[in-house]
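Subject: Structure handover

Hello,

Here is the structure I promised to pass on. Please open it next to this email and follow along.

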Amino acid sequence: FIEGEPLESEAVIVAQKVLHNMGLDFIPPAYVAFLKQHNGVKANGSYLFGATVDDELDIIDQNEQLPRPEKTILLGYNEFDMLGYNYEKKEYQIIDRQDLDILDSYAEDDLESALGAIFQA
């Protein structure tokens, strides 16, 4: 279990602005709260993105580089799936990395279940 560096509040603001300028919505509030405790996580082949971390955990870099469904901001991935937040439907989604099919979805207030799903695979 490896965590990114401690989160600076300015880092979230910068990440939100850059993502918004990329045409994406803002990071969901529950995930921002998670970032304040764990700014990027690597564990058992699963990755959760953080703000201003300069490796494979950077939320801006990953949303620029990885293919993703429309209206979705990527929050993490494992070997087979990605964790995204669909800001149109206001739900967390488990997304197949190959064909971008939505495999499962979780309510906006159920980040914990979505995180459990991405770490189980």
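**Start at L115**

L115 touches F34, L48 and L83, leaving out residues up to four places away in sequence. The model is a predicted one, so keep that in mind throughout. L115 lies in helix α4, which covers residues 111-120. Is L115 buried or exposed? Its relative accessibility is 11%, so L115 counts as buried.

**The whole chain**

Now step back. The chain has 4 helices and 7 strands. Along the sequence they follow the pattern β-α-α-β-β-α-β-β-β-β-α. The C-alpha atoms fill a box of roughly 35 × 30 × 25 Å along the principal axes. A compact globule with 121 residues would have a radius of gyration near 14 Å, and the chain has 13 Å, so the two agree. Buried residues make up 47% of the 121 residues. Take the contacts between residues at least 6 apart in sequence: 41% of them join residues at least 24 apart.

**The sheet**

In what order do the 7 strands stand in the sheet? The order is β1-β2-β3-β4-β5-β6-β7, the sheet is open, and the pairing is antiparallel. Why are β1 and β7 each left with one side that has no neighbour in the sheet? β1 (2-3) and β7 (102-107) stand at the edges and have a single partner strand each, so one side of each stays without a neighbour.

Here are some of the pairings:

- β3 (residues 46-48) and β4 (residues 72-77) pair in the antiparallel sense over 2 bridges. L48 stands opposite G76 in β4.
- β5 (residues 81-86) and β6 pair in the antiparallel sense over 6 bridges. N86 stands opposite E91 in β6.
- β6 and β7 run antiparallel and are joined by 5 bridges. Y92 has Y106 in β7 as its bridge partner.

Two hairpins are worth a look. The hairpin of β5 and β6 has 4 residues between the strands, and K90 takes a positive phi near 55 degrees there. The hairpin of β6 and β7 has 5 residues between the strands, and L100 takes a positive phi near 65 degrees there.

How many of the 6 residues of β6 (residues 91-96) are buried? The count is 6 of the 6, so β6 is largely enclosed by the rest of the structure. Its residues point two ways. E91, Q93 and I95 go one way, Y92, I94 and D96 go the other, and all are buried.

Next, find G84 in strand β5. G84 has a relative accessible area of 0%, and buried means under 20%, so G84 is buried.

**The nonpolar core**

The largest nonpolar core holds 36 residues. Which of them touch the most other members? They are I27, Y31, L48, I59, L75, L83 and Y92. At least two residues of this core come from each of α1 (9-21), α2 (29-37), β2 (41-43), α3 (59-65), β4, β5, β6 and α4. The largest share, 5 residues, comes from α4.

Not counting residues up to four places away in sequence, L75 touches P28, Y31, Y47, L48, F49, I59, L83, G84, Y85 and Y92.

**Aromatic rings**

A pair of aromatic rings is described by the distance of the centres and the angle of the planes. There are 4 aromatic pairs here. Which residues do ring pairs link into a cluster? They are Y47, F49 and Y77. The charged end of R97 sits over the ring of Y77, 4.4 Å from the ring centre.

Over to you.

Best wishes

Terms used: Residues are numbered from 1 along each chain as its sequence is written. This is a predicted model: local features need pLDDT of at least 70, side-chain atom pairs count only at pLDDT 80 or more; totals for chains, interfaces and linings use all residues. Side-chain values use heavy atoms; hydrogens and water are left out. Rings of Phe, Tyr and Trp (its six-membered ring) pair if their centres lie within 6.5 Å; planes under 30 degrees apart count as stacked, over 60 as edge-to-face and the rest as tilted. A charge sits over a ring if NZ of Lys or CZ of Arg is within 6 Å of the ring centre and within 35 degrees of the ring normal. Two strands pair if DSSP finds at least two bridges between them. Buried means under 20% relative accessible area, exposed over 50%, partly exposed in between (1.4 Å probe, protein chains only). Contact means heavy atoms within 4.5 Å. A nonpolar core is a set of buried Ala, Val, Leu, Ile, Met, Phe, Trp, Tyr and Cys residues joined through side-chain atoms within 4.5 Å. The radius of gyration is taken over C-alpha atoms; the globule rule is 2.2 Å times the number of residues to the power 0.38.
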